[in-house]
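I opened my notebook and went through this structure step by step. Here is what I looked up, in the order I did it.

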Amino acid sequence: MTRTVRRDNETDRQLVLLVGLVAVCAVAVGVSSLYLVAGSLVTTPDELALVAALVFLAAVGVTVKWRVRIRSTAHAIAWSEVAILVGLAVAPATLVVLCTGLGVGLAMIVQRIARIKATFAVAKNMLVAAAAGAVLHTLNWDPELAIYSAAFFGPLVTAYVVAVVLDEVLTIPVIARDTGTGLCAIFRHNLGLRISSAVIRFPLIVAILLILKADQWLLVTIPPVVLCIHLAYAGHARARDDQQAWQRLARATDALNVVDLDAVLSIAVVQAADLFSTDRVEVELNEPARLVQGNSDGVQYDGPTGSAPTPHMRTVIAVPLAGPGSTLSVGTLRLCLTGPVKFSDREHYTLRTFASALCTAVRNASLYRQLNQDAERHAREAAQDELTGLANRRRLMEHGSELLGRRRTGGITALLLVDLNHFKEINDTLGHGAGDKVLIQVARRLSANVQPGDLVARLGGDEFAVLLTTLPAPAIAAHRADALLTAICEPMELDGMRINVEASGGIAVAPGSGGMAELLRRADVAMYQAKRSGGRTAVYARSRDTADVGRLALGGDLRRAVAQHEFNVDFQPIVDLGTGEVIAAEALARWQHPDRGRLDPKRFLETVERSGLLPAFADAVLEQSLIAAATWHESGFVLPVAVNLSPRSLLDRRFPGAVLARLQAHDVPPDRLILELTETLTLSQLEVVDQVLGQLRDAGVRLALDEFGTGYSSLSMLSRVPVHELKIARSFVMSMETSSESAAVIRSTVDLGRSLGLAVVAEGVESEPQRHALWTIGCTAGQGHLFARPMPAHRLLTALQCGSGGRPGSLASPLHDEGAVVRIDQTRRAGQRHRNEKVPHLPA
């Protein structure tokens, strides 16, 4: 408020200075005129009558006016130019200047106009009279000339234009300073009406001069004539003004036809300030309590009522925001002015009409906002789990479908399906309230441990899902899933007691087809596989998906395939990354199906395991592998052969004997056979598995842990099965250059192998940068398309004989010069250790 008062004082001071400047100029003109008139005193009755007529004419000219309100200040368009020009036609300019000042001053006194306004009116009109008289004198105007002659008409027009323009030049800055409005805005305000008024007044001047040429005493009849003309013109002006006011009202109410409440209030403030020419507009809403303040420049405050600024306003016109014929209002509209103002009946009616339109707009916008909020709430509730606040199944399916539909190249998408184990016992023992608390805790832990962009959902009951996005490699999904399940299984406080929650998870990578529904189905399959195996997580494998109809159909062809030797073996060499020499080969079974072509183990292995033909299949693969190893040995290449071992074979107590018999039949030392175990096995917990693996290990057969790092039981497996070799999954190798997680897994695996004296083999080496990176980390062996694709045994023998760069037995050039690196053969050292001594079990 202090700032507003200070601003008003500054405005008043500037206004006084401006008016004072005009008054000083007028005093100078008046003194000069009085000096010139003093030489010829007015003494005769005719001269006194002329002076009285001029004074009366000036008083009438300034009294008869059309009033215009700009904010708190009322201004008028008068007929003073008519009185001045007519006076100049019958009397000297000096006398007209003095009579104009006297007449205007008397009119101001009679009307009780404020001192500063009266001073400005007197001074302005005296200056206008002086300027018009100076123009006429300069142009040698003679009122006795014929009125239609150029010598008469030209100077008169020039003097009139100068008078009108000077009136505007003097008046507009004062109005702008008084109202705080811009000069351009004041100039444009009613410009058309001012111009038309000026044009109309000039013919009146000409008509009056024609009358005076007949008889100067008819001058006393001019004021009534001017008054009649003014009344007629004022009526026309009021009608035009009313028409423009209704047009502005129509435009203002049309602008309120928006559905956003904030926009309605902002538009209402600006439009009302322009429509009613006020200093400030306030719109106060009842529910919710809200106050919006502003002017024609825009909203200046929008917030609680009690915090709004309250500058001093002398006039406040308030009207309730209610519809026609309604007493229930939604708020109040206030027009605030700094000075005393009285609205006309038309302005009051316009205000009520605008308030009614604003009430309708506020109600419509409030209803629209409520409908939008309801729609958003319903949509949120439809896509949100009520208990945990997580996304529900619908939201998961919609978001997942949208994500998969984009075919993004920024990473791999996977789904983790989580089911709490024995959750029913919590509900039955502690009650459903406690169960709900557990679900809420699980939801919070999942949400707190996911990566940005992942989506956590509750599918119902004790089943949750996590959509994992932007994965650098499929194997990373297993690591993130393990971290999430570890977070879930941390002990939690529940009603003063400490409980543990166990969970099983199924992981599935987004398929190429089938969309979100297929991804969810696969994750569900994997989750039940984890439950059946007793493990924490399981990764979906198509080979173990019993829902694959095509795979089921293969079961009928197995006996024929075994009998007709449709199973054959390809070999992929394992290479020393430093020298490029082949140090072993992995046997990869293939089924040459007569109708479906060449099938890899993922398509048929689980079918074989469930068919009862596993021993025959395993025997066929082992037979071909040992034959190949013996053939290579005869050609001078001593290469161990690695054969993937089915988990079900470990449950067969006869399996070690069959393996050793095959080794003896082909005269292959046991240490040239490597049996690769899948890390995700949990069968190592069974006693029979320990016995089978113990017999093979004691006989000298080497054991390797395949796809190390993709399962949850890495160290658990190492503690029960002292293997000779770790194989890094190809998914880590392929993404090691772009994923810090993959590189960290490889580095930790190499370090673990080094500390335990185990060989480490990297799968999926496809580029020289990968080979160099692996060698730098400390991984000494690898296999992949960089060296050779899987091939039949005879083709591998040919490749070994030809060699790389004239070096038989090698498939790549060395990374270093011979003798530059001295390295202990970890494979040989580990194999020797396992043949001579028992390896102590690591603590579980």
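**Entry 1: the overall picture**

I began with secondary structure and found 28 helices and 23 strands in the protein. Helices here are DSSP runs of H or I with at least four residues, strands are runs of E with at least two, and both are numbered from the N terminus. I noted that this is a predicted model, where local features need pLDDT of at least 70 and side-chain atom pairs count only at pLDDT 80 or more, while totals for chains, interfaces and linings use all residues. Residues are numbered from 1 along each chain as its sequence is written, and side-chain values use heavy atoms, with hydrogens and water left out.

Next I looked up burial: of the 844 residues, 49% are buried. Buried means under 20% relative accessible area, exposed means over 50%, and partly exposed is in between (1.4 Å probe, protein chains only). I also checked contacts (heavy atoms within 4.5 Å). Among those with a separation of 6 or more, 69% are between residues 24 or more positions apart.

**Entry 2: the cores**

Which residues touch the most other members of the largest nonpolar core? They are Leu-420, Val-438 and Leu-673, in a core of 107 residues. Helix α20 (residues 614-634) gives this core its largest share, 9 residues. A second, separate core has 57 residues, including Val-62 and Met-108. A nonpolar core is a set of buried Ala, Val, Leu, Ile, Met, Phe, Trp, Tyr and Cys residues joined through side-chain atoms within 4.5 Å.

I then zoomed in on Val-438. Leaving aside neighbours within four places in sequence, its contacts include Leu-420, Phe-423 and Met-492.

**Entry 3: one threonine**

I found Thr-388 in the loop between α11 (345-382) and α12 (393-405). Is Thr-388 buried or exposed? Thr-388 is buried, because its relative accessible area is 17%. Its side chain makes a polar contact of 2.6 Å with the side chain of Asp-385, and also reaches the backbone nitrogen of Leu-390 at 3.3 Å. A polar contact is a pair of N or O atoms within 3.5 Å; within protein, one must be able to donate a hydrogen and the other to accept it, and residues adjacent in sequence count only if both atoms are side-chain atoms. Not counting residues up to four places away in sequence, Thr-388 touches Leu-439, Ile-440, Ala-443 and Arg-458.

**Entry 4: salt bridges**

Side chains of opposite charge can pair when their charged atoms come close. My search of the whole structure gave 26 salt bridges. Each is a side-chain nitrogen of Lys or Arg within 4 Å of a carboxyl oxygen of Asp or Glu.

I looked at the pair Asp-570 and Arg-598, which meet at 2.4 Å, N to O. Asp-570 lies in strand β15 (residues 567-576) and Arg-598 in strand β17 (residues 597-599), so the pair ties together parts 28 residues apart in sequence. Asp-570 is buried at 8% relative accessible area, whereas Arg-598 is partly exposed at 41%.

Arg-662 and Asp-619 form another salt bridge, at 2.3 Å, N to O. Arg-662 is in helix α21 (residues 655-665) and Asp-619 in helix α20, so this pair ties together parts 43 residues apart in sequence. I also noted that salt bridges with shared partners join Asp-262, Arg-290, Asp-302 and Arg-369 into one network.
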